[in-house]
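Hi,

Here is the structure I said I would pass on to you.

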Amino acid sequence: MAIKITPDEFNVLIQRLSEKWRVFAPSAEFRGGRFSDTDNIVYQEIGSWSDIVWHEKSHMSPKTVITPITETLFYFDKETVQPRETDARPILIFARACDINAMSRLDYMHLENGNNSDIYYQQLREHIHFILMECARSFENCFCVSMGSNKTENYSAAMQFSNDGASVCIVDPFIEKALQGLGQTIAYAPGFVSENPDIITLPESVCDDPQKIRDILLNHPLWDEYNTRCISCGRCTTGCPTCTCYSMYDVAYDENPQRGERRRQWASCMVPGFSDMAGGHGFREHAGERLRYRALHKVNDYKARNNAEHMCVGCGRCDDRCPQYIKFSNIINKMTAAVRQALAEEA
């Protein structure tokens, strides 16, 4: 079933959904953008048509809804530990196909990796549904088609936005109920991007042995240029919908140092000191080594470990956010070229 709704009818839909759901979508954070006098498009709770930004790629991913940049895990004093309060309302997220596909990567890392599950993530994840935001075209720096993440069937409804409203393909009954009495019936099925300006070739296309790929690329000179180009700011990882690293720390209250809270905060493998160990030991001293670690994790090591899919979904946010204009799609193609050349020399 599909209908066409106006902006005013969209407002009614959101009002009805908000009675039960927390509804998140890309929304403008005034003057918080990368350049002067530009907005930052981040995920926030919305209440009306005017809140949602549908014609641009969001700068941050829906991951921020489920795993906030900083979150309190529990409170403590000298003798007791008190878990934080969790909002039990289900969550509805407007997201594009690549970001919906990214959720399987987050699920693996938070629920299966190491045979342990993150209880805080699990409590939210069990009650999350998605509304697919159809991409009318490929955005700048996207390479989702090459990564196979341009399509998805994991949504409760799909929407195609325009200035005069939205076409809605209804899948789940709760969306149909919320739309009761609204809109006009139309013929609509969601479409998906079929090509991107950026096309990549993965290392696995020329070598089916992940360990061989790793051995070839580990000390390859292609990483040397990034020792000076990359400034190790970590912006690529904060925009990434599949990065999951974080640090833990305690905050003691000034009025009583024995009372406080434990928090976790996003961390980045691109920032110096990320892999430092007790006793003064450290790994990946140079920016190029850290970039190599991240690149191999995204398009080789993660898939080799879970035997399912690459971690990268090709959203291109790392390229969008890099102040040094380093393109991850170019790095992947360089990796593949290096593997191809090494294999040719061996033959």
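Before the notes on rings, you need one rule: the rings of Phe, Tyr and Trp (for Trp, its six-membered ring) pair if their centres lie within 6.5 Å. Planes under 30 degrees apart count as stacked, planes over 60 as edge-to-face, and the rest as tilted. Also keep in mind that this is a predicted model.

With that rule, the count comes to eight aromatic pairs. One of them is F10 with W49, an edge-to-face pair with 5.3 Å from centre to centre and 80° between the planes. Where do these two sit? F10 lies in helix α1 (residues 7-17) and W49 in the loop between β3 (40-45) and α2 (63-66), so their pair ties together parts that are 39 residues apart in sequence. Both count as buried: F10 has 0% relative accessibility, and W49 has 15%.

Now for a stacked example. The ring centres of W54 and F161 are 6.2 Å apart and the planes are at 15°, which is under 30 degrees, so this pair is stacked. It also links distant parts of the chain, because W54 is in the loop between β3 and α2 while F161 is in strand β8 (residues 157-162), 107 residues apart. F161 counts as buried too, at 12% relative accessibility. If you step back, ring pairs link F10, W49, W54, F94 and F161 into a cluster.

The charged end of R264 sits over the ring of Y246, 4.8 Å from the ring centre. Likewise, the charged end of R294 sits over the ring of F328, 5.1 Å from the centre of that ring.

Next, a helix to find on your screen: α3 (residues 97-112). It has 16 residues and reaches 23 Å from its first C-alpha to its last, close to the 22 Å expected at 1.5 Å a residue. Is α3 mostly enclosed or open? Of its 16 residues, 13 are buried, so α3 is largely enclosed by the rest of the structure. After α3 comes G114, which has a positive phi, near 75°.

Six of its six residues are buried, so β9 is largely enclosed by the rest of the structure. Which strands does β9 pair with? Strand β1 (residues 2-5) pairs with β9 in the antiparallel sense over four bridges, and there I5 stands opposite A166. β8 and β9 also run antiparallel, joined by six bridges, with Q160 opposite S167. A hairpin through two residues connects β8 to β9.

Cheers

Notes:
Residues are numbered from 1 along each chain as its sequence is written. This is a predicted model: local features need pLDDT of at least 70, side-chain atom pairs count only at pLDDT 80 or more; totals for chains, interfaces and linings use all residues. Side-chain values use heavy atoms; hydrogens and water are left out. Buried means under 20% relative accessible area, exposed over 50%, partly exposed in between (1.4 Å probe, protein chains only). A charge sits over a ring if NZ of Lys or CZ of Arg is within 6 Å of the ring centre and within 35 degrees of the ring normal. The expected span of a helix is 1.5 Å times one less than its number of residues. Two strands pair if DSSP finds at least two bridges between them.
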